[in-house]
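The sequence and the structure are shown first.

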Amino acid sequence: MMVITFTLVMAMCAFSLAMSISPGPVNMVIVSSGINHGVRRTMPFVSGATIGFTMLLAFIGFGFIQILERFPLFLNYLTFAGAAFIIYLGIKVARSGGSLSVSEEENMATFWQGFALQWLNPKAWIACVSGVSLFSSVESHAVFSTFVLCYFIICYASLAFWAILGDQATLFLNNSNRLRIFNMCMGSLLIGTALYLAYSQLSAN
């Protein structure tokens, strides 16, 4: 039986930090939103992404992992759905222009976009499946519940860090030309990430 110890909690925190802080589609959108709209207006997306991931983790950990093991093709379909959504966000970022005005509500990253992106993000599903396999026990849900709590706290702090990083980058991206170039680059990176995910999935089949 797995027992909750200080060492185990530290391992949970290290895993959560490594998966949350590493660059990915969610972090790209957060940085872009932080630059264009500031930390305060990016926090709804951060909250949505954190809550979305935590709910996905709990959903998989408390039973859905058994369905994934029986129907492995589900993740294949998810990859293409996720790639399409990431491309959509990439186009929005690339077209957001070179204005730092906070009145551009239509270009802001919302709570529900953050929530949906985690459920459509193959990286998030892989992180959840890996976490469940490492930090769950058939004898008790206490270990996994502790892991979910650790991940929620660290994920929220990590994503907020990316928002702050984006906000501070406005000191450099302080004119419309630089910001326009940045938005186009970030949008292209998101689209490229999505295409790579889809290509990798097709190559694996």
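## Overall fold

Of the contacts in the chain between residues at least 6 apart in sequence, 88% join residues at least 24 apart. The model is a predicted one, and within it the chain has seven helices and zero strands, which gives the pattern α-α-α-α-α-α-α when read along the sequence. Buried residues account for 46% of the 205 residues in the chain.

## Helix α1

The buried residues of α1 are Leu8, Val9, Met12, Phe15, Ser16 and Ser20. Seen down the axis of α1, these buried residues fall within an arc of 125 degrees, and they therefore line one face of the helix. In general, an α-helix has 3.6 residues a turn, so residues three or four places apart point the same way. Phe6 and Thr7, by contrast, are exposed on the other side of α1.

## Packing of α1 against α6

The axis of α1 comes within 8 Å of the axis of helix α6 (residues 142-168), and the two axes cross at roughly 40 degrees.

On the α1 side, the contact is made by Leu8, Val9, Met12, Cys13, Phe15, Ser16, Leu17, Met19, Ser20 and Ile21. On the α6 side, the residues that take part include Val143, Phe147, Tyr151, Ile154, Leu159, Phe161 and Trp162, with Cys150 and Cys155 also among them.

Ser32 is found in helix α2, which covers residues 25-70. Ser32 has a relative accessible area of 4%, and because buried means under 20%, Ser32 is buried. When its neighbours within four places in sequence are left aside, Ser32 is in contact with Val93, Phe182 and Asn183.

Gly48 is also found in helix α2, and with a relative accessibility of 0% Gly48 counts as buried. Not counting residues up to four places away in sequence, Gly48 touches Phe111, Gly114 and Phe115. Gly48 and Ala116 are 68 residues apart in sequence, while their C-alpha atoms are 8.1 Å apart in space.

How values were computed. Residues are numbered from 1 along each chain as its sequence is written. This is a predicted model: local features need pLDDT of at least 70, side-chain atom pairs count only at pLDDT 80 or more; totals for chains, interfaces and linings use all residues. Side-chain values use heavy atoms; hydrogens and water are left out. Buried means under 20% relative accessible area, exposed over 50%, partly exposed in between (1.4 Å probe, protein chains only). Helices (H or I, at least four residues) and strands (E, at least two) are DSSP runs, numbered from the N terminus. The arc is that of the directions from the helix axis to the C-beta atoms. Axes are lines fitted to C-alpha atoms, for helices over the stretch in contact, and angles run from 0 to 180 degrees between N-to-C directions. Contact means heavy atoms within 4.5 Å.
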